[in-house]
Amino acid sequence: MQVKRFNDVYVVHLQPDDEIIASLKKFAVDNNIKGASVQGIGTTKHIILGYFDTESKGYNTMETEEDMELISAIGSISTLDDDVVVHLHGTFGDDEFKLTGGHILSADILATGEFFVYPTGGTITRKHNDDFDLNLFDL
């Protein structure tokens, strides 16, 4: 992972085999970022996506080893009980130009991951919501 700061924006370049969520979490911890907006693009070779089912209060998942373009990832960095949380949704395209997307549970970089992180300058916290069994923003 390569990181460069430009004023209040970080550019994070993920390398082959880096896992996106774990890498961005390490970046946030290393740079003491507890609140940020994140966006990125790249290529992946293994992804696990989730779709939250409100009835079961759990994620339906989809996993593929297929090489895919990460067309867009967008999300946030926040905290839950002093632990950094990286929450990303992504849209991916395959070699037939078909799209799939959802909550990024895991994604391994194939060639490159190009992310921009915009810190808030403060801490965004999460709190457990019993109605949905999710950890949601608590501002």
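Me: How do β3 and β4 pair?
Reply: In this predicted model, β3 (residues 36-53) and β4 (residues 58-64) pair in the antiparallel sense over seven bridges. Strands are DSSP runs of E with at least two residues, numbered from the N terminus, and two strands pair if DSSP finds at least two bridges between them.

Me: Which residue stands opposite Leu49 there?
Reply: Met62 in β4.

Me: And what sits between the two strands?
Reply: β3 and β4 form a hairpin with four residues between them. Lys57 in the turn has a positive phi of about 55 degrees.

Me: How many bridges join β3 to β7?
Reply: 13, and the strands run antiparallel, with β7 covering residues 99-119. Gly50 has His103 of β7 as its bridge partner.

Me: What about β5?
Reply: β3 and β5 (residues 68-80) also run antiparallel, joined by eight bridges. Gly42 stands opposite Leu70 in β5.

Me: New topic. Which residues touch the most other members of the largest nonpolar core?
Reply: Ile20, Ile77, Leu88 and Phe115, out of 26 residues. A nonpolar core is a set of buried Ala, Val, Leu, Ile, Met, Phe, Trp, Tyr and Cys residues joined through side-chain atoms within 4.5 Å; buried means under 20% relative accessible area (1.4 Å probe, protein chains only).

Me: What is Ile20 in contact with?
Reply: Leaving aside neighbours within four places in sequence, Ile20 contacts Leu14, Thr44, Leu70, Leu88, Ala107, Ile109 and Phe115. Contact means heavy atoms within 4.5 Å.

How values were computed:
Residues numbered from 1 in each chain as written. Predicted model: local features only at pLDDT ≥ 70, side-chain atom pairs only at ≥ 80, totals over all residues. Heavy atoms only, no water. Buried < 20%, exposed > 50% of the residue type's maximum accessible area, 1.4 Å probe, protein only.
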